[in-house]
Amino acid sequence: MGKDRLAAFSDGVIAIIITIMVLELKVPSRADWTALAEIAPALVSYILSFIYLAIYWNNHHHLLHTVARVDGLILWANSHLLFWLSLVPAATAWMGGNFLAPVPTAVYGVVLLMPAIAYYLLQRAIIRRQGTQSVLAKALGADIKGRISIVLYAAGILAALISPLISIAIYVLVAVIWLVPDRRIENMLREN
């Protein structure tokens, strides 16, 4: 099977996830700065989650450029990723409504960690189909950035139970690491 349906479905799901997230934002009832300050925690949570979803969408887009055909394992691995991403709006709303509370911040970290693991499994499924000499396998190499992210998410989850602010700082750090464009796949595709 070709990759086009997988890409279109994934794009649609991510678009719906972002739509659900923005619908969770409440518009201030008053027209002053204090009203805006009251929704700031929810807005900060939304911005961080939107950045994460944009990072996943961007990297998923590049990832699928390395794929010519998909099999059942890739379809299930992709669905696994989308499942975890679909939980982002709920975790975002809970953390935004309970800003700096340990449990919602830790759960938010779990909801960030699980798509990272699912994305890794999707990469492995693609490499399994295409081989260890594939464009993706060569582009990823040891995937230090991906492995560091998983470790940082785990640290953020643990930190949430001690200091939610440190935890959120760790989640922001991972987002910043991924905001720096990851050109590994693009560069490898240009070479081939």
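Guide: The charged end of K145 sits over the ring of W178, 4.6 Å from the ring centre; the rule asks for NZ of Lys or CZ of Arg within 6 Å of the ring centre and within 35 degrees of the ring normal. This is a predicted model, in which local features need pLDDT of at least 70 and side-chain atom pairs count only at pLDDT 80 or more, while totals for chains, interfaces and linings use all residues. Residues are numbered from 1 along each chain as its sequence is written, and side-chain values use heavy atoms, with hydrogens and water left out.

Next, the ring pairs. Rings of Phe, Tyr and Trp (its six-membered ring) pair if their centres lie within 6.5 Å, and planes under 30 degrees apart count as stacked, over 60 as edge-to-face and the rest as tilted. The count comes to five aromatic pairs. Among them is the tilted pair of Y46 and F50, 6.0 Å centre to centre with 40 degrees between the planes. Both residues lie in helix α3, four residues apart, about one turn of the helix (helices are DSSP runs of H or I, at least four residues, and strands of E, at least two, numbered from the N terminus). Y46 is buried at 15% relative accessibility, whereas F50 is partly exposed at 33%; buried means under 20% relative accessible area, exposed over 50%, and partly exposed in between, with a 1.4 Å probe and protein chains only.

The rings of Y52 and Y153 are also tilted, because their planes stand at 45 degrees, with centres 6.1 Å apart. This pair links distant parts of the chain, Y52 in helix α3 and Y153 in helix α8, 101 residues apart. Y52 is buried at 4% relative accessibility, and Y153 is buried at 2%.
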